[in-house]
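I opened this entry to look at ring contacts and strand pairing. The structure comes first, my notes after it.

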Amino acid sequence: MLRLPISSVTASGSFLLLTFGLVAPTHADSMSALIAQKSAQSTTTTSYRYPDVSRQAPTVLPAFLSGNYDNVDSEYLPLLSSAETQSSPAAREVVSTARKMALNERTIIQGGCWDYLNAVFNRAGVTRDTIHKGTYGQGPYASSGEIEVGDWLYYINHGYNDVEHSGLFVGWVDERAKQALILSYAGENRREPARYRVYDLSNVYQIMRPSV
């Protein structure tokens, strides 16, 4: 077995350490210079920005809408919740009172749609101001921009023989197509609570707005 002198090992070790000690800093300096150069080029030759990503917060319904209802489709509950939180004080009182009567109490009123909404407004303790007034057959008919949450509307019911009908406006499902969520009461001795349904509001001829 060949044995090297201790001095040789030390010298070899010193040589290796010296060699790595000289090469590593040189390599690091070169890489730093290259990164700096590329960074400078990127800031002067491009204006690219990452696109903004829109994230919709999950809908959390309030406790008063946490039940199971047969007179409103669950997909419209967020719209109903929004109507109660974003409307004016008088409209909010009307929408809230109507929701309690329809969903929570399942109130039955003797009479038709007018009698039901009259009871809602009276129970809410608000008055009504006529914002738009036309006639069933001749109009003038209101534009979608005139209608607000909590409005008592008279309109032509295109989904049921084009008869006169009235209902409480909750919100637009598709404003461009004039499709809106309405609280409607059938009456006619059906013994059914009011329902939230989508109606065509192409021909609204009267608007009454709640006020305090």
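**Ring contacts**

I started with tryptophan 152, which counts as buried at 0% relative accessibility. I note that this is a predicted model.

Next I checked its stacking partner. The ring centres of tryptophan 152 and tyrosine 154 are 6.2 Å apart and the planes meet at 10°, so I logged the pair as stacked; the cut-off for that is under 30 degrees. Tyrosine 154 has 17% relative accessibility and also counts as buried, since the limit is under 20%.

I then ran the search over the whole structure. It returned eight aromatic pairs. One of them joins phenylalanine 121 and tryptophan 152, at 5.3 Å centre to centre with 50° between the planes, and is tilted. Phenylalanine 121 sits in helix 4 (residues 113-124) and tryptophan 152 in strand 2 (residues 152-157), so this pair ties together parts 31 residues apart in sequence. I found phenylalanine 121 buried, at 0% relative accessible area.

Which residues do the ring pairs link into a cluster? I listed Trp114, Phe121, Tyr136, Trp152, Tyr154 and Tyr205.

**Strand 4**

I moved on to strand 4 (residues 179-184). Five of its six residues are buried.

I looked up its pairing with strand 3 (residues 163-174): antiparallel, over five bridges. Phenylalanine 169 has isoleucine 182 in strand 4 as its bridge partner. Strands 3 and 4 form a hairpin with four residues between them. In that turn, lysine 178 has a positive phi of about 60°.

Strand 4 also pairs with strand 5 (residues 195-200), antiparallel over six bridges. There I noted leucine 181 opposite valine 198 of strand 5.

Conventions
Residues numbered from 1 in each chain as written. Predicted model: local features only at pLDDT ≥ 70, side-chain atom pairs only at ≥ 80, totals over all residues. Heavy atoms only, no water. Phe/Tyr/Trp six-rings, centres within 6.5 Å; stacked < 30°, edge-to-face > 60°. Helix = DSSP H or I, 4+ residues; strand = E, 2+ residues; numbered from the N terminus. Buried < 20%, exposed > 50% of the residue type's maximum accessible area, 1.4 Å probe, protein only. Pairing = 2+ DSSP bridges.
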